[in-house]
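Q: I have a model open and would like to go through its contacts and its ligand site. Could we start with a single residue?

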Amino acid sequence: MKKVEVITRPEVFKELRDNLFSIGVGGMTVTEAAGTGKQKGVEGMFRGTTFEIKVLPKLKIELVVEDGKVDQVIEVIQRTCKTGSVGDGKIFIIPVEEAIRIRTGEHGKEAII
Ligand SMILES: Nc1ncnc2c1ncn2[C@@H]1O[C@H](COP(=O)(O)OP(=O)(O)OP(=O)(O)O)[C@@H](O)[C@H]1O
Ligand SMILES: [Mg+2]
């Protein structure tokens with residue numbers, strides 16, 4: 001199993017959620033986040049004074065999927081989140097040792113579908 005961690009623009013969330021569920025993802029965790037990438041924040045202007053915005057609002061979406069589904073998940077994320085402008089976000093893939101559904105005690109693949 002792998003955890004797919006996506007950090008992207010909040011505006012795309014509804015479409016991303018629907019597209020991920022449509023390929024059979026079992027669940028996801030969403031966290032409001034703030035961050036900065038290569039651009040190190042942007043410069044804003046307020047009443048004639050420039051100020052630095054160091055972090056921008058983002059959403060972090062985490063989902064654990066079986067290995068065989070990772071490529072499809074990445075494809076959906078790229079298709080949904082890519083505008084081509086800076087700040088589209090990042091995808092991180094992290095190995096997951098075990099998953100357990102608390103209610104039933106199911107382990108592994110059974111616990112994430
Ligand atoms: N190396 C990293 N580690 C952890 N989080 C990151 C990393 N790079 C980016 N992020 C997170 O992803 C968000 C979006 O990053 P962003 O899309 O701006 O990446 P980028 O590398 O600057 O690419 P781009 O040039 O397309 O903007 C950031 O606000 C931050 O929360
Ligand atoms: Mg950036």
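A: Let us begin with arginine 9, which touches Lys58, Thr83, Ser85, Val86, Gly87 and Asp88, leaving out residues up to four places away in sequence; contact means heavy atoms within 4.5 Å. This is a predicted model, in which local features need pLDDT of at least 70, side-chain atom pairs count only at pLDDT 80 or more, and totals for chains, interfaces and linings use all residues. Residues are numbered from 1 along each chain as its sequence is written, chains are lettered from A and ligands numbered from 1 in the order in which they are written, and side-chain values use heavy atoms, with hydrogens and water left out.

Q: Where does arginine 9 lie?

A: Arginine 9 is in the loop between S1 and H1. Helices (H or I, at least four residues) and strands (E, at least two) are DSSP runs, numbered from the N terminus.

Q: Is arginine 9 buried or exposed?

A: Arginine 9 counts as buried because its relative accessible area is 16%. Buried means under 20% relative accessible area, exposed over 50%, and partly exposed in between, with a 1.4 Å probe and protein chains only.

Q: Which side chain joins that of arginine 9 in a polar contact?

A: The side chain of aspartate 88 does, at 2.8 Å.

Q: On to the ligand. How many residues surround ligand 1?

A: There are 13, and the closest are Gly35, Lys38, Gly87, Gly89 and Lys90; a residue is near a molecule if one of its heavy atoms lies within 4 Å of it. Strand S6 (residues 89-95) gives the most to this shell, with three residues.

Q: Which backbone atoms lie 3.1 Å from an oxygen atom of ligand 1?

A: A backbone N or O atom of glycine 35 is at that distance, and a backbone N or O atom of threonine 36 also lies 3.1 Å from a ligand oxygen. For aspartate 88, a polar backbone atom is 3.5 Å from an oxygen atom of ligand 1.

Q: How much of the accessible area of ligand 1 does the protein cover?

A: The protein covers 70% of the 610 Å² that ligand 1 has on its own.

Q: What does leucine 63 touch?

A: Not counting residues up to four places away in sequence, leucine 63 touches Lys2, Lys3, Val4, Leu20, Val25, Gly27, Met28 and Val73.

Q: Finally, where is valine 96?

A: Valine 96 lies in the loop between S6 and helix H3 (109-112). Valine 96 counts as partly exposed because its relative accessibility is 21%.

Definitions and conventions: A polar contact is a pair of N or O atoms within 3.5 Å; within protein, one must be able to donate a hydrogen and the other to accept it, and residues adjacent in sequence count only if both atoms are side-chain atoms. Accessible areas come from the Shrake-Rupley method with a 1.4 Å probe; for residues, only the protein chains shown count as cover.
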